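Colleague: I have the sequence and the structure open, and I'd like to go through the packing with you. Can we take it piece by piece?

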Amino acid sequence: MPEKPIFRLDGIGVDYQTPAGTVTGVDGVTIDIPARGITVLAGPSGSGKSTLLRTLGLFEQPVRGTISFQGTETGKLRHRERRALRRTHLGLVFQNPTDNLLAYLSVADNLRAAAESAGTECLPDDILDQLGLGGTGGWRISALSGGQQQRLAFGCTLARRSTVVLADEPTSQLDEGSADLVLDTLKYLADQDFAVIVASHDDRLIELGSRVARMHKGRLESTEEREVVP
Ligand SMILES: Nc1ncnc2c1ncn2[C@@H]1O[C@H](COP(=O)(O)OP(=O)(O)OP(=O)(O)O)[C@@H](O)[C@H]1O
């Protein structure tokens with residue numbers, strides 16, 4: 001029997017209220033997101049990728065349609081329940097590495113703080129070894145390269161034991177070598193059975209997707225399933 005999707009979106013729409021009037025971020029998006037593999041939200045600038053990703057991260061409330069996570073309709077949850085769900089299950093990684101980390105804490109303490117925020121504990125050295133960052137636990141964040149910082153940000157989602165990893169343009173601020181580190185990390189997380197959902201217009205990242213959802217002007221234009229070569 002096919003595995004149940006982790007997210008089910010049915011006709012969702014998100015609007016922004018601006019001084020110039022209502023701006024629609026996404027509209028009429030219906031999609032099932034699988035519980036495994038890498039789902040890439042692709043599309044040109046302004047097509048709604050980040051809005052959709054933030055909606056999946058429960059940072060935006062759809063004004064139309066429904067969104068369910070593991071069978072629970074998130075619109076029916078109370079504020080506290082949504083926050084708990086976000087904390088326990090959803091790990092969000094932003095495009096700018098420094099936005100994901102606490103500069104005043106060491107590398108290992110960033111992992112510990114991430115675990116604590118999700119009400120759990122972690123073994124920083126194990127996570128750092130898994131990510132090819134072994135030996136950096138006592139380092140300052142500024143001693144890591146941009147790619148290493150982004151790897152550590154994904155490490156924080158491992159520390160939190162998130163079910164889903166949501167990443168917004170995680171390679172866009174990085175040079176090619178650093179971006180390679182991030183691509184390897186995304187593959188690693190997908191191999192560890194996380195549901196990885198990434199908004200990106202980086203062709204190399206789109207290549208990694210086992211499912212690619214293409215957005216255009218806030219709408220879902222197409223979805224494509226892919227055989228991913230290991
Ligand atoms: N906070 C906001 N306030 C008002 N409008 C917004 C806001 N965030 C996004 N929008 C608008 O919603 C639409 C979708 O934007 P979104 O950032 O989701 O697209 P995107 O595909 O992620 O773009 P990019 O690749 O440039 O990040 C755009 O018209 C954008 O101007």
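Colleague: Which strands does H1 lie across?

Modeller: This is a predicted model, and in it H1 lies across strand E3 (37–42), E7, strand E8 (195–199) and strand E9 (211–216). Its direction runs at about 150° to that of E8.

Colleague: And what order do the strands of that open sheet come in?

Modeller: The six strands follow the order E6-E7-E8-E3-E9-E10, and their pairing is mixed. Strand E6 (90–93) and strand E10 (219–225) are the edge strands, each of them pairing on one side only. From one strand to the next, the twist averages 15°.

Colleague: OK, H5 then. At what angle do H5 and H6 cross?

Modeller: The axes of helix H5 (residues 146–160) and helix H6 (residues 176–191) cross at roughly 20° and come within 7 Å. Angles under 35 degrees count as roughly parallel, so H5 and H6 are roughly parallel to each other. The crossing in which H5 passes H6 is right-handed.

Colleague: Which residues meet there?

Modeller: From H5 the residues are Gly146, Gly147, Gln148, Gln150, Arg151 and Phe154, and they meet Gly177, Ser178, Ala179, Leu181, Val182, Thr185 and Leu189 in H6. By type, the contact of H5 with H6 divides into five nonpolar, seven polar and one charged.

Colleague: How does H3 pack against H5, and how far apart are their axes?

Modeller: Helix H3 (residues 107–117) packs with H5 at an angle of about 40°, and their axes are 8 Å apart. That angle makes H3 oblique to H5, and the crossing of H3 and H5 is right-handed.

Colleague: And which residues are in that contact?

Modeller: Val107, Asn110, Leu111, Ala114, Ala115 and Ser117 come from H3, while H5 brings Leu152, Gly155, Cys156, Ala159 and Arg160 to meet them. The residues of the contact of H3 with H5 divide into seven nonpolar, three polar and one charged.

Colleague: Changing topic to the ligand: which residues come nearest?

Modeller: There are 13 residues around the ligand, and of these Tyr16, Ser45, Lys49, Ser50 and Thr51 come nearest. Strand E1 (7–18), strand E2 (21–33) and helix H1 (49–56) are the elements that give two or more residues to the shell. H1, the helix we began with, gives the most, with three residues.

Colleague: What sort of residues make up the shell around the ligand, nonpolar, polar or charged?

Modeller: The shell divides into three nonpolar residues, nine polar and one charged.

Colleague: E1 came up just now. In which sense does E1 pair with E4?

Modeller: E1 and strand E4 (residues 64–69) pair in the antiparallel sense, over five bridges. In that pairing, Asp10 stands opposite Thr66 in E4.

Colleague: What about E4 and E5? How many bridges join them?

Modeller: Two bridges join E4 to strand E5 (residues 72–73), and the two strands run antiparallel. Phe69 has Thr72 in E5 as its bridge partner. The hairpin of E4 and E5 has two residues between the strands, and in that hairpin Gln70 takes a positive phi near 45°.

Terms used
Residues numbered from 1 in each chain as written. Predicted model: local features only at pLDDT ≥ 70, side-chain atom pairs only at ≥ 80, totals over all residues. Near = placed C-beta within 6 Å. Helix = DSSP H or I, 4+ residues; strand = E, 2+ residues; numbered from the N terminus. Nonpolar A, V, L, I, M, F, W, Y, C, P; charged D, E, K, R; others polar. Pairing = 2+ DSSP bridges. Axes fitted to C-alpha atoms, helices over the stretch in contact; angles between N-to-C directions. Parallel < 35°, antiparallel > 145°, perpendicular 65-115°, else oblique. Left-handed = near helix turned anticlockwise from the far one by under 90°. Contact = placed C-beta atoms within 7 Å.
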